[in-house]
Every structure is written in structure tokens, then in C-alpha cells.
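Please look over the sequence and the structure shown here before reading on.

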Amino acid sequence: MRRKFVCILTVVLLIVTAAFALTACDKTETTPYTIVYVGDSIAEALIGPSPLGERDNYGYYALVGRVNNFRYYNHSVSGHKTSTGIVSGEGLLEVLNREDENATLMKTHLQEADMIHISVLGNNILQYNLGLLMLEVADPQFRQKYEQGTTLINALENGDRVYRDSVERFDADGKPVQVEFDFPSTYQDICDIVDRLKELNPDATIVFQKVYNPFFEGSKHLSATVHRKLAQITDDGRFGAEGQPIATIAQIRKVGDELLGCLNGMLDRYLEEHPNAFTILDAREAFEEVVVSDKDVDGNVKLGGDSLGRKLIYQDWTHPSNFGHAVIAGLTQDLLDEMGVSSPDAVSNYKKIKKEQINRLYKNAGNGNFPVASAIADIDSAETFFDVTMAYFNAIDGWTPVY
């Protein structure tokens with residue numbers, strides 16, 4: 001009798017163990033890949049996707065999640081710098097280190113994440129006097145001064161309070177007003193952000209997004225005073241023809257690239273010191289590829305208001321437009337493909353989203369003259385994520401949606 005009982009008990013235990021194993025396997029197979037977005041307004045996508053009601057159809061955080069059937073959470077906040085933001089009153093580092101109840105949900109999501117996607121560097125320069133930063137980088141003596149540690153870029157990297165005479169604001173006597181630059185310790189912030197994220201989730205893939213160049217003809221980032229000051233600087237060959245004044249949009253854009261190179265370069269520097277600590281999503285390079293693909297009959301890159309590159313930027317001259325978000329989504333999709341974690345139906349799902357928008361937003365555009373059939377045919381024939389993006393935005397270019 002005892003032997004029979006032991007046999008029955010053994011069988012029951014085997015069945016229970018097998019059931020638990022099957023449950024565990026099922027959970028692993030059905031738990032979706034999870035992306036958590038943190039950082040600034042670019043990732044938050046409250047400004048840029050237009051109209052706001054289409055945010056989940058245009059914002060890159062949602063597009064990537066939807067086309068891959070991922071689980072995704074967006075904890076980005078407009079105005080965030082790497083630390084101590086002006087607009088938000090705090091930066092990403094403070095939020096990650098908070099212990100209050102409001103931070104619990106974000107930390108839980110970060111601990112569950114397979115990928116943590118970060119866009120946060122832009123406000124470290126945008127919340128200051130961009131004109132002075134541009135003028136300093138354009139100075140032929142910039143590199144020498146940088147090596148001496150006396151530039152605003154040194155203060156940006158190391159975190160310092162610096163005063164400079166403004167070129168845009170003057171007192172009653174016409175003297176430049178002193179501008180305070182109280183930079184966060186940008187490089188150390190990157191180190192601390194990575195350390196904190198790895199403490200919360202040592203297994204997640206961390207992705208840092210580089211800052212793209214927003215300078216095109218008509219940009220509102222620089223005042224007329226700064227333009228005049230730049231034109232008084234002789235180009236040393238870094239931005240155009242040596243010996244010429246820095247006056248063209250092509251030169252100014254290259255000055256912006258040099259400034260962004262200093263900012264984005266801190267990510268490269270970190271990886272040199274800590275190989276494979278995170279992955280870089282190079283939005284600057286992706287946008288630049290679009291920019292240089294649009295040339296006039298003489299082979300010059302178009303930088304005017306009707307250029308393809310300009311269409312990457314929202315009307316505020318700062319945030320990604322619907323098109324810009326789609327390019328960043330495609331860049332992220334490429335990374336997911338390389339990692340082998342993307343959905344095999346991602347491009348097909350993306351097509352469905354774009355065709356649904358065509359039918360819903362443009363069917364009645366232009367008093368019903370919008371070519372719906374050809375637009376959908378072009379989307380259907382697209383082979384890659386980027387091809388779908390171009391098919392959609394080429395189709396709707398110049399047409400006003402009907403909501």
C-alpha cells in the first residue's frame with residue numbers, strides 16, 4: 001500500500017512539474033519585447049507629430065512599438081536635460097534617482113525593459129544662448145582655446161558656471177548684457193545615467209540617440225545679430241571656402257554640425273572608455289543622408305524651405321516633423337532588425353497604418369481629388385521601412401488632410 005502511494009505521489013509531482021515548466025515556457029514565448037523611452041520632448045512627441053491626435057501614428061516611440069507588436073512605455077518629459085532642467089526643474093538623472101511614489105511606475109517599467117531608448121542631449125545646449133555657442137565654435141581659435149579649457153564647450157562637458165557678454169541683449173547704455181551659463185556636468189551625467197540604468201536593469205539594451213542638425217534656410221534659432229557676427233568671422237576652411245565670411249546657410253549648417261559634434265562626441269568618448277556599454281542611434285547621420293539626397297540641377301544640396309531635409313523638421317525649427325519621426329522610427333527598426341528582435345511583419349504592419357491614414361485623412365482631400373488608389377499602390381509596392389515612409393510622404397506632399 002505504501003509503495004502504491006509513493007508511486008501515485010511521484011506521478012502527481014511529475015505532472016505538476018511538467019505543468020509549471022509548460023507555463024514558464026508559455027510565459028517566455030508570449031511576453032512581448034518591451035521598450036521604455038526616457039528623455040526630452042523629441043521622444044515625448046507632444047511637439048512635432050501633427051495633429052496631436054495622430055501622435056500614435058507619427059511619433060517614433062509608438063510606431064516602433066505598434067509595427068512590432070511590442071510593449072512600450074514613454075516616460076520622456078519636455079525640457080529634460082541630462083540633469084537639472086530649466087523648464088522641468090529637474091533632469092533625467094534626478095528622475096532616475098528619485099525615491100518618491102511618482103517614480104515607482106517608471107522604475108518598474110525600466111526594470112522590465114528589454115530596451116531603454118534615450119533622447120536627452122539636445123536641451124543641454126538649447127536651453128542656453130545658442131548664438132554664443134555657435135560664435136564660439138566658428139572662431140578660428142576655437143580648437144586652441146578648447147585645448148586650453150577656456151571655452152563654453154569645456155564648461156558644457158565638465159559642468160561649470162560661466163559668464164559671457166551677450167551679442168543679442170544690451171543694457172540702457174548699449175553694452176552687452178552678461179549671460180550666465182550654468183551647464184550640467186554633461187559627460188559625467190552620461191556616466192551616471194548609464195550606471196543608474198544598469199543598476200535598475202543590468203540586462204537591458206541601452207540606446208542613446210544622437211542630436212540631429214536643425215539648421216536650414218530661415219531657421220529661427222539664430223538672431224539677425226548673430227548672423228551679422230558670424231559674417232564678420234573669416235572661415236578657416238572648416239565650414240566652406242577658406243578666407244570667406246561665414247554667411248551662407250551651408251556654412252552656418254556646418255558650424256552647427258561642429259557644435260553638435262562636440263555634444264554627440266561625448267557619447268563616442270564614453271564608448272571608447274566603456275566599450276559596448278550602450279548602442280548609439282545616429283539620428284544626426286540618418287537626417288543628413290536625407291538632406292544630401294536632395295540636390296539641385298547643379299549638384300548642390302538644397303537647404304531651402306522646400307527641401308527634403310527641411311521637411312524633417314517641424315515648423316518650430318527644432319523638433320522632428322511627422323516625416324522626421326518616421327525616419328527615426330526607421331532607424332530604430334534597422335537596429336531591431338540587426339538585433340534579431342523585430343517582428344517579421346513589421347513592414348507589413350507599417351503599411352497598414354499608413355494606408356489607414358490615407359483612407360481616413362486624405363480620401364476627401366482636395367475636394368476628393370486626392371489619388372488614393374495610386375498612393376496605396378505605392379505603399380503596397382514598397383519593400384523596406386524607409387520605402388514605406390517615402391511612399392507615404394511623397395503621396396501626401398502638398399495635400400491638406402481632412403479631419
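## Strands, cysteines and a helix pair

Strand 1 and strand 3 (residues 115-119) pair in the parallel sense over five bridges, where two strands pair if DSSP finds at least two bridges between them, and where helices (H or I, at least four residues) and strands (E, at least two) are DSSP runs numbered from the N terminus. This is a predicted model, in which local features need pLDDT of at least 70 and side-chain atom pairs count only at pLDDT 80 or more, while totals for chains, interfaces and linings use all residues. Residues are numbered from 1 along each chain as its sequence is written, and side-chain values use heavy atoms, with hydrogens and water left out.

**The hairpin of strand 4 and strand 5**

- Strand 4 (residues 161-170) pairs with strand 5 (residues 176-182) in the antiparallel sense over six bridges, and Arg161 stands opposite Asp182 in strand 5.
- Five residues lie between the strands of this hairpin, in which Gly174 takes a positive phi near 85°.

**Cysteines**

- A search of the whole structure finds zero disulfides, a disulfide being a pair of cysteine sulfur atoms within 2.5 Å.
- The closest cysteine sulfur to that of Cys191 is in Cys262, 17 Å away, which is too far for a bond.
- Cys191 is buried, with a relative accessible area of 10%, and Cys262 also counts as buried, at 11% relative accessibility.

**Helix 13 and helix 14**

- The axes of helix 13 (residues 249-273) and helix 14 (residues 283-292) come within 12 Å and cross at roughly 160°, which makes helix 13 roughly antiparallel to helix 14. Axes are lines fitted to C-alpha atoms, for helices over the stretch in contact, and angles run from 0 to 180 degrees between N-to-C directions; angles under 35 degrees count as roughly parallel, over 145 as roughly antiparallel, 65 to 115 as roughly perpendicular and the rest as oblique.
- Arg253, Asp257 and Asn264 in helix 13 meet Arg284, Glu288 and Val291 in helix 14, where contact means heavy atoms within 4.5 Å.

Notes: Buried means under 20% relative accessible area, exposed over 50%, partly exposed in between (1.4 Å probe, protein chains only).
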